[in-house]
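Please read the following report alongside the sequence and the 3D view. It starts at the surface and then turns to the strands and the loops.

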Amino acid sequence: LLLNTELSCQADPYAGNHTANDAATLPPTGGLIQKLNVCPGLEDWFAISVPTGKALSVKMNWKYLAGKGLVGMQIVDSSQTGVIAGSATAVNSAATIPYVQAGGVFYIHTYVLPENGQAVPYDYELNVAVGEPEATDVCQADAYESNNSAASSLEIGCGLASLTLCLGDEDWFKITLKKDEAISFEFNHPGNSFQ
């Protein structure tokens, strides 16, 4: 057995936070979290409680090493199944929920993405901000929130349903059908198109 020191994973102050169930708790005000390290195949998870009506933004700072992988970051909802926001670039990673419709615990998930089959551990820091939303981003929750993933989807029946879809939001529904039943949907959204 040979140990590749380039792949040696350093423990950081939050070591052991490798799943959503073991997420390290961050203060509700957020802040700058420094001296973090994430390794290939060993993700980092953080939990932060955000009340309804606030905005949550996370910026991850890290130094890209060409050909050694990328660091990804996501904001995951309280069901631990709905990815609300996230990005990964060679410059920085940032994610924002412009308006929190349904308050609760949100998860910040960081991980290393291999690049051409190669990946190494990365040092990074998180800048987490909980603040007031822009007035144009305010969007009231509908009766089905938080249905941000297939796993957290709720049953919807026939007839008219009044729904809202906000920035940084996904809506998932499930419908029970019997064999040979037909179904059709009509979407009405004044002023703008959506998918």
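Ile 175, Leu 177, Ile 183, Phe 185 and Phe 187 form a nonpolar patch on the surface, and together they have about 510 Å² of accessible area. A patch is made of residues with over 30% relative accessible area and no salt bridge, where like charges are joined within 9 Å and nonpolar side chains (Val, Leu, Ile, Met, Phe, Trp, Tyr) within 5 Å. A salt bridge here is a side-chain nitrogen of Lys or Arg within 4 Å of a carboxyl oxygen of Asp or Glu. Accessible areas come from the Shrake-Rupley method with a 1.4 Å probe, and for residues only the protein chains shown count as cover.

This is a predicted model, in which local features need pLDDT of at least 70 and side-chain atom pairs count only at pLDDT 80 or more, while totals for chains, interfaces and linings use all residues. Residues are numbered from 1 along each chain as its sequence is written, and side-chain values use heavy atoms, with hydrogens and water left out.

The protein has 0 helices and 11 strands. Helices (H or I, at least four residues) and strands (E, at least two) are DSSP runs, numbered from the N terminus. The C-alpha atoms fill a box of roughly 65 × 45 × 30 Å along the principal axes. Of the 195 residues, 36% are buried; buried means under 20% relative accessible area, exposed over 50%, and partly exposed in between (1.4 Å probe, protein chains only). The accessible surface of the protein is about 11600 Å², and 53% of this belongs to carbon and sulfur atoms.

An open sheet of 4 strands is arranged in the order β2-β9-β4-β7, with antiparallel pairing. β2 (30–38) and β7 (93–97) stand at the edges with a single partner strand each, so one side of each has no neighbour in the sheet. Two strands pair if DSSP finds at least two bridges between them. Within this sheet, Val 58 stands opposite Ala 95 in β7.

Strand β3 (residues 44–50) is mostly covered, with 6 of its 7 residues buried. Ala 47 of β3 is the bridge partner of Thr 25, and Ala 47 also stands opposite Tyr 107 in β8.

| Strand pair | Sense | Bridges |
|---|---|---|
| β1 (residues 24–25) and β3 | parallel | 2 bridges |
| β3 and β8 (residues 104–113) | antiparallel | 7 bridges |
| β4 (residues 55–62) and β7 | antiparallel | 5 bridges |

Some backbone angles deserve a look. Most residues other than glycine have a negative phi, and most peptide bonds are trans. Asn 116 has a phi near 55°, a positive value in a residue other than glycine. Asn 116 lies in the loop between β8 and β9 and is exposed, with a relative accessible area of 75%. Asp 180 also has a positive phi, near 75°. Asp 180 is in the segment after β11 and is exposed at 74% relative accessibility. The peptide bond from Glu 145 to Ser 146 is cis, with omega near 5°.

Glu 145 is also among the residues touched by Asp 171; the others are Asp 142, Asn 147, Thr 164 and Leu 165, not counting residues up to four places away in sequence. Contact means heavy atoms within 4.5 Å. Asp 171 sits in the loop between β10 (154–155) and β11 and is partly exposed at 22% relative accessibility.
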